[in-house]
Amino acid sequence: MKILVTGVKGQLGYDVTKELAERNYENVVGIDIEDLDLTKEFLVKDFIKMLKPDIIIHNAARTAVDKAELNPDKVYEVNALATKYLSEAANDCGAKIMYISTDYVFDGKGDNFFEVNSPKNGLSVYGVTKSKGEDFLTSILDKYRIIRISWVFGINGNNFIKTMLKLAKSGKKELNIVNDQIGSPTYTHDLAKLMCDMIETEKYGVYHATNEGICSWCEFAEYIFKVAGYTDIKVNPVSTAEYKKLVPNQADRPLNSRLSKKSLDDAGFGRLPDWHDAVDRYLIELKEKGEL
């Protein structure tokens, strides 16, 4: 089975490729922006026609949420049009696509868990463009997998945990962290295992896959500092509205990123471990690499 992984240098692309190697998949091609510009339709279609992959794991995206607001056309090209081109090329050669999406496709209203078929109404350029990528995919292909994730952290790249640790190391003793955005962290090491489990089946559809349990960003930060041993840092809980006054020019973010795992359960896939457990293991991984 030939597998193409886009965004191979990102947090998830790195761990997916690593997991595939550990499962002895030998015919894996990983690409990033310098290898192929996914916004160029003719390049994408020529590349897929030549490669003839059986599966495309599409991780590549513009994920800088605030910066996306400043360049919506470019973000649309990467997050939506590139997905369209890959979907059309996959349709032509019979490849199956796994598309990584986000909690940001929802508006975050209320406090219920969003189901996979809940109405989408993204608040930001990032959320809207990822939603449009989903729409292109589902309109072109009959068989596909869409996996929505949130609050991602992995060993290869920047993330909230690394930012918190960097601030702690720099001597920060007090931080203002948002406490009214509720969601679930997602450890790419755990997610990669689930993704590889999925491609070994004929089960398709839309799934939500985050680590179990919910928290606020504030609670997330407090746990990171506790486990990492930074017990002298004061974390001040602030509302999103208050934080926007402190740090202006931000994209709107969903307050509620609770994602229902019903579709995972219905398909017989195991849920990811609790997020506390994921953070514990991630910090051990950072320590082993000399980054903690």
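Modeller: Phe, Tyr and Trp rings (six-membered for Trp) pair with centres within 6.5 Å; planes under 30 degrees apart are stacked, over 60 edge-to-face, the rest tilted. We're looking at a predicted model, so local features need pLDDT of at least 70 and side-chain atom pairs 80 or more, while totals for chains, interfaces and linings use all residues. Residues are numbered from 1 along each chain as its sequence is written, and side-chain values use heavy atoms, without hydrogens and water.

Colleague: OK, rings then. Which residues do ring pairs link into a cluster?

Modeller: The structure holds 14 aromatic pairs. Some of them join up into a cluster, and its members are Trp-151, Phe-153, Phe-160, Tyr-187, Trp-217, Phe-220, Tyr-223, Trp-275 and Tyr-282.

Colleague: Take Phe-153 and Phe-220. Is each one buried or exposed?

Modeller: Those two rings make a tilted pair, 6.3 Å centre to centre with 50 degrees between the planes. Phe-153 sits in strand β6 (residues 152-153) and Phe-220 in helix α8 (residues 217-228), 67 residues apart, so the pair links distant parts of the chain; helices (H or I, at least four residues) and strands (E, at least two) are DSSP runs counted from the N terminus. With buried meaning under 20% relative accessible area, exposed over 50% and partly exposed in between, both Phe-153 and Phe-220 come out as buried.

Colleague: And Tyr-187 with Tyr-282: how many degrees are there between the planes?

Modeller: Tyr-187 belongs to strand β9 (residues 186-187) and Tyr-282 to helix α11, 95 residues apart. Tyr-187 counts as buried because its relative accessibility is 2%, and Tyr-282 is buried too, at 0%. The two rings are 5.5 Å apart centre to centre and form an edge-to-face pair, with the angle between the planes at 70 degrees.

Colleague: Tyr-282 is in α11, so which residues of α11 does α6 meet?

Modeller: The axes (lines fitted to C-alpha atoms over the stretch in contact, angles 0 to 180 degrees) of α6 (residues 160-169) and α11 (residues 275-288) come within 12 Å and cross at roughly 60 degrees. That angle is why α6 is oblique to α11, given that under 35 degrees is roughly parallel, over 145 roughly antiparallel, 65 to 115 roughly perpendicular and the rest oblique. With contact set at heavy atoms within 4.5 Å, Ile-161, Lys-162 and Leu-165 of α6 meet Val-279, Tyr-282, Leu-283 and Leu-286.

Colleague: What is the distance between the axes of α2 and α4?

Modeller: Helix α2 (residues 41-51) packs on helix α4 (residues 72-93) at an angle of about 30 degrees, with the axes 9 Å apart. Because of that angle, α2 is roughly parallel to α4. Glu-41, Val-44, Lys-45 and Ile-48 of α2 make the contact with α4 residues including Tyr-85, Leu-86 and Cys-93. As for the distance you asked about, the axes lie apart by 9 Å.

Colleague: Last one: how far apart in space are Asp-277 and Asn-211?

Modeller: Asp-277 is in helix α11. Its relative accessibility is 33%, so it counts as partly exposed. Asp-277 and Asn-211 are 66 residues apart in sequence, and C-alpha to C-alpha the separation in space is 9.1 Å.

Conventions. Buried means under 20% relative accessible area, exposed over 50%, partly exposed in between (1.4 Å probe, protein chains only).
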